[in-house]
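I opened this notebook to keep track of what I looked up in the structure, entry by entry. The ligand site comes at the start, and single residues follow.

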Amino acid sequence: MYIDVAERATVAALFRCCVRELPGQAFPAGAYTMVRVGGVWLRALTGGGTAVRLSGPQRLTGSAWEPLTSADLVELIGRELPGVNGEFAEQVTGSRKVIERVLAARAHAKPPADPWMASEQELVFGHPFHPAPKAREAVKGDWIDYAPEAHATFPLRLLAVREDLVVEEGDVSAVDRIPAEVPPGYRLLPVHPWQYELIQPPLGDSGLLDLGWADHEVLPTSSVRTVYDPLLDKCLKFSLDVRITNCVRKNAWYELSGAVELSRRLAPVFAALTERFPGTRWLPEPGYRSVDLGREMLEGLGVLVRCSPHGRCGPGVTPVLAGALALRDIGGGDPVSWWRAYVEVVALPVLEAYFRHGVVLEPHLQNVLVGLDPAGWPVQAVFRDLEGTKLVGHDLAGVPGEVAAAMTYTPEKGWDRVVYCLVVNHLAEIAASLGAPLETLWGVAAEEISAYGDSIGWPEPLRRLMSGVPLPAKANLTVRWARRADRAATYVPVANPLVVA
Ligand SMILES: Nc1ncnc2c1ncn2[C@@H]1O[C@H](COP(=O)(O)OP(=O)(O)OP(=O)(O)O)[C@@H](O)[C@H]1O
Ligand SMILES: [Mg+2]
């Protein structure tokens, strides 16, 4: 039974990618969306007119519609796309097997009592527009022991680093609060246990000591590599030499440094954003620690401290991962008003950050927590993940070149990222979950954004956004097929739903 659910999710994700990334080959046909892949016509029911919800994919053989399997679709994609990719089929199968095993594990595992953590662990099917959303390729270790969706908990592995080898910036005092017997002249360095197994830190004479397991357990968040430590009430973002969606999840040295630099620079920006939009919150990343034992260890063992949303949202407000909300029955008895509140709380601060502060947030569904009031209405938005947060037009004199380069976008690239993450990735999926007519919802979103435009004198990119020009959507199938680095990802145009009625 789990295999059927996993197979349905897998073929649906591949189908969505084809509809999005093969423009000129996808057409609506009544209740169906049709797409031609590898010379064969396919169709699926697209409830409510959005590919986010699709079911019953079929292929046309002669004049008969037959069920379409993920193996069929992988084969057709191989015929359609240029070149060959010998690992693609395995990635798709790997992703399907993860879903199947996660579903079986969830039947017996107990979700965390904290509703925020429970929401972090709800993304069973993952990114709906990725060909292998749940694949977890690693050379060693069993992913299920660390899987948020399986409600895994585990202790961290503790190392002690000789003081002269410590590399750190900012405030990492949280790390020193982990109970451990650290010898004099050493500092504590926690390691994700999977990463410990994967990179095998050099022990002994190198200046690194193994202190064994921590006494308490941590909980993985939706990104797998970032964990929540309930004892510290902090998140710890680790490197993990595992490919998850498009990237091997390694903290580059300039990203560690950049996150701390950004945390300093964003404090006044978020203070101003919260003044203008009182529901705005963020999760600073005040410091990191690593070890000066060559680049591989520096990056492989670097850990970033991230503030937790507890205490930042205030009493009566429950943070919930936006990606989990997209899977739930939301909107209560008045989905249109709920949505209006959602757009106001989530979208307007993202636009204000870009236009007034030159800050590109990365508000995709996995990087935003939505603060719900006791009635389940959206009243706050918590923005996180400074790796994808960039500056536009800031003076970065004094910041080392590679760090500055990695925290900067051109205005055009920055705006495309904002529009993709906010509208295509995030709002479109929440809208599809609301069960209200999409035209009505997008009309409301357009009203809210237009009112904001009036308030700041309609900067050119916002005027263009509201003029109906197609929006950029990330081409994850093409990226995976071509084995392209995530930062070199291509984008394809999709219809702009933000049409003013
Ligand atoms: N709709 C979605 N959009 C983007 N990512 C998604 C979505 N749904 C699930 N995900 C998953 O969320 C993760 C997003 O990766 P991202 O690079 O933002 O996180 P990270 O930097 O690894 O960690 P963190 O968010 O803790 O800083 C990936 O594992 C991706 O597959
Ligand atoms: Mg993230």
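Before reading distances at the ligand, I noted that a polar contact is a pair of N or O atoms within 3.5 Å. I also kept in mind throughout that this is a predicted model.

**Entry: ligand 1**

With that cut-off in hand, I looked at Asn367, where a polar side-chain atom lies 3.3 Å from an oxygen atom of ligand 1. I then asked how much of ligand 1 the protein buries. Taken alone, ligand 1 exposes 640 Å², and the protein buries 91% of that.

Two further side chains went into the list: an N or O atom of the His364 side chain is 3.0 Å from an oxygen atom of ligand 1, and for the side chain of Arg306 the corresponding distance is 2.6 Å.

**Entry: helix α2**

Which residues of helix α2 are buried? In this helix, which spans residues 70-80, I recorded Ser70, Leu73, Val74, Leu76 and Ile77. They cover an arc of only 165 degrees around the axis, and therefore lie on the same side of α2.

**Entry: Cys17**

I next turned to helix α1, where Cys17 is placed. Is Cys17 buried or exposed? Its relative accessibility is 1%, so Cys17 counts as buried. Setting aside residues up to four places away in sequence, I listed Phe129, His130, Pro131 and Leu477 as the residues that Cys17 touches. I also looked up the separation between Cys17 and Trp339, which are 322 residues apart along the chain, and their C-alpha atoms are separated by 26 Å.

Gln380 sits in strand β21, which covers residues 378-383, and with a relative accessible area of 7% Gln380 is buried. I traced the side chain of Gln380 to the backbone oxygen of Cys313, which it reaches at 3.0 Å. Beyond neighbours within four places in sequence, the contacts of Gln380 include Arg281, Arg312, Cys313, Val345 and Leu369.

Ser290 belongs to strand β16, residues 287-291, and is buried at a relative accessible area of 0%. Where does a polar atom of the Ser290 side chain find a backbone nitrogen? I located that nitrogen in Gly302, at 3.4 Å. Gly302 is also on the contact list of Ser290, which, leaving aside neighbours within four places in sequence, has Leu165, Val166, Val167, Leu189, Met297, Leu298 and Leu301 as well.

**Entry: positive phi angles**

Finally I checked two backbone angles. Thr245 is not a glycine, yet its phi is positive, at about 45 degrees; I placed Thr245 in the loop between β13 (243-244) and β14 (247-248). Arg483, likewise a residue other than glycine, has a positive phi near 50 degrees. Arg483 lies in the loop between α15 and β24 (491-494), and I noted Arg483 as partly exposed, with a relative accessible area of 42%.

Notes
Residues numbered from 1 in each chain as written. Chains lettered and ligands numbered in written order. Predicted model: local features only at pLDDT ≥ 70, side-chain atom pairs only at ≥ 80, totals over all residues. Heavy atoms only, no water. Buried < 20%, exposed > 50% of the residue type's maximum accessible area, 1.4 Å probe, protein only. Helix = DSSP H or I, 4+ residues; strand = E, 2+ residues; numbered from the N terminus. Arc of directions from axis to C-beta. Polar contact = N/O pair within 3.5 Å; in protein donor to acceptor, adjacent residues only side chain to side chain. Areas by Shrake-Rupley, 256 points an atom, 1.4 Å probe, with all protein chains shown as cover. Contact = heavy atoms within 4.5 Å.
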